[in-house]
Amino acid sequence: MSPIKANLAIIIAALVLGLILGASLTYFAVPLKEGTTTTLTTTITLKQTPSTIIKTKTVLATTTIKPEYPITIVDALGRIVVIKEEPKRIVTLSPAITEDVFALGLGKYVVGVDSFSNYPPEVVKLKKEGRIADVGGYWQPDLEKIVELNPDLILADAGAHAKLREKFMELGLTVVYIKGGSASSLEDILSDLGLIAQIFHVEEKAEEVSKELLAQIQDVEEKLARANATKAKVLVLLGPPSWGYWSAGSGTFINYVINVAGGVNIAAKYHGWVKLSLEDIVSENPDVIIVSLMASSEEAKKVIENIMSSELASTNAVKKGNVFVLINEANDVLMRPGPRIVEASKIMAQILHSEVFGEISRNDVIKLSPTLSHNTYVGESIAIA
Amino acid sequence: MYNLKHYFKSKKKKFFITLSLLIISLVFTLIISLSVGSLSISIDKVFLALTGSLQDKRLSHIILDIRLSRTLASIFIGASLAVSGVLIQSVTRNALAEPFLLGLSSGALAFMALAVLIIPSAILSIHYMSAIAFIGALAAFALTLMLSEAVGGSATSLILAGIAVTSGFSGISSLLAFIVQAKLNRPFLILLLGSLAQILKAQVIMLASVFTVGFIASIALAKRLNAIMFGDEQSLQLGYNPRTTRLISSLLAALLTSVSVAVAGIIGFIGLVVPHIARLLIGNDNRFVIPLSALLGSIVLCLSDISVRLASEGLAIGEIPVGAVTSALGAPFFAYLLMAKVKS
């Protein structure tokens, strides 16, 4: 036999093999849309060299598993959810979930998001164009709008949306809960990503994203370890002090961010979201105060002024000028338990350890500056200088 | 004698006219309620959906599974609260009395907080939480009743016992809520805030059946209630034991209110003011006041819920607690009725 004939024989054999495989797969009731396309691509590769046959066989195997539905998953509330077929119309109920879904490259399936979702920028654009609907606030989404969108999957937060579980079931909607706001570390967020990836069979993508995020966090941690940086005592205030000194204790993702960035959270002796007393804060004497604010930079400056003229003026943070207000994107990043927690950690690391990571200069991180100073503050800063 | 009979006849006529007017307005309110929401649906489509012949499956899903549950719930809760208001105001002979005076709401809240503290996963189920709220409300009521009976079971003792139990339980519930909030890592009170948005069909059925029982029993009690309003002595002379009347009526009121609290949280105003509106319309005869209160209560709460939906949509701020709207909407109307009465 001539080499051309041999090649031809192999090609024909492979085609027959593919056909048999395909037929047997259809027999086992597997939706074959993607399966058939892969057999096509394998025949193309086959034409080049016969040696790729073994390779293409494995490709065939892995890709034809892909559209295998129904799948059964266990969500963050411990519920067993059966996904009958690959979801094509997703509604996400929190900004962090929206970010998770887009990070996994599933953005094209999203048909509705909550009012606060604004990242990636694509979301804002699609919302404006009317291709993604707004399904209402984070705490109380609009059920009528959700039903109107006819979603085949709703991704919800185990904290905020648990009470809607039974209503979703009554309406015949498939909902999967992720940890979201109750996440306490990057690992929890990665497991959220993994859960979503499982539904869409994009585990590889989730692994890739996770590796990237973990590498970035490790980078921050290694740099801090190499510099042998001393840990600063940090107070994070959620909202302006006029709301009361609300902070994030242990078991929250904000606590995780502080730890990764080489800080000690003074609220960590409490569990969960906690309202601190002034006495508590003053006696702990934080080196850095960070305020998370949904406001303009003008208002941020006012908040700094308020802090400087309050009893907090006696803390090291105010004396050294280490008061930061995070607004807009910096605030979003810190407050959302999604993949950008890594970015939050980087911002936090820069704030806490400018000697390692360089002085922070972002217009959404407003720092106490001498121009808006207070008498005592000027006195102190001169003394330090 | 003839005069009295004639008087009753004219009252009866007035009652039936008012009754039919209110029923017509309730039907109108119901239809409006089904057509208003984040998606306004035309009235003819609402009718089509109700008869099951609407082609658009999603639209009929929204009308039948979300809006109808919500509307019926608001109607039954409004009616239940108003009827229990009449019962409590009659047996205590106090114009300022309301069903929550019996310690029901704070009892429900305290039990819910306690349950979540013991079994954190309980918060995940509306069914568990409403069952616990119901038990809590009834437990607080039982305590009030025991206290009141222990000191003689008079009208005043019932009010005072209610105040004691309410303040006791509200102290406990805020304390527990604070602990739960810290433990659960999330704002507990937001999870408990009553809302009609996620009412389930099973809850509507529960509300409807409790209301029906409570309403029929209250109508049967109407004569006893009329007697007790003149005083315990007079009631005894007419052959009705005032303590029995008080016991049964407050039990009924507690039942009606507990179910409402369990499903939709605390909704003020209706139990306090709607009975007064009914009395302004028809006088003090409870045989007339009870049905009219039920209708008025359901109309007020249904209208409030419609405005909640309109406001949530218009202001884009998410669901507003319906309890806040009932007062804001009902108070001016009540003031107007009061002024009109004083003038005449």
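Reader: Which side chains do B:Arg67 and A:Glu144 use, and in what kind of link do they meet?
Author: Their side chains meet in a salt bridge, 2.5 Å from N to O. That term stands for a side-chain nitrogen of Lys or Arg within 4 Å of a carboxyl oxygen of Asp or Glu. Bear in mind that this is a predicted model, where local features need pLDDT of at least 70, side-chain atom pairs count only at pLDDT 80 or more, and totals for chains, interfaces and linings use all residues. Residues are numbered from 1 along each chain as its sequence is written, chains are lettered from A and ligands numbered from 1 in the order in which they are written, and side-chain values use heavy atoms, with hydrogens and water left out.

Reader: How many salt bridges are there between chain A and chain B?
Author: The count there is 1. Over all chains, the structure holds 24.

Reader: OK, and what area is buried between chain A and chain B?
Author: About 2,800 Å², with 55% of that from carbon and sulfur atoms. Buried area here is the accessible area (1.4 Å probe) that two parts lose on being put together, summed over both.

Reader: How many residues does each chain put into the contact?
Author: Chain A gives 28 residues and chain B gives 32, where contact means heavy atoms within 4.5 Å.

Reader: Switching topic, how many cavities of 30 Å³ or more are there?
Author: The count is 1, and the largest cavity has a volume of about 40 Å³. On a 1 Å grid over the protein atoms alone, a cavity is a set of points where a 1.4 Å probe fits but cannot get out, and lining residues have an atom within 4 Å of a point. Grid points are joined across faces, edges and corners, and the volume is the space filled by probe spheres set on the points.

Reader: What lines the largest cavity?
Author: The lining includes A:Leu326, A:Val333 and A:Met348. By class, the lining has 8 nonpolar residues, no polar and no charged; nonpolar covers Ala, Val, Leu, Ile, Met, Phe, Trp, Tyr, Cys and Pro.

Reader: Which helix of chain A gives the largest share of that lining?
Author: Helix 15, with 4 residues. Helices are DSSP runs (H or I, at least four residues), numbered from the N terminus.

Terms used
On a 1 Å grid over the protein atoms alone, a cavity is a set of points where a 1.4 Å probe fits but cannot get out, and a pocket is an open set with protein on both sides within 12 Å along at least five of seven lines; lining residues have an atom within 4 Å of a point. Helices (H or I, at least four residues) and strands (E, at least two) are DSSP runs, numbered from the N terminus.
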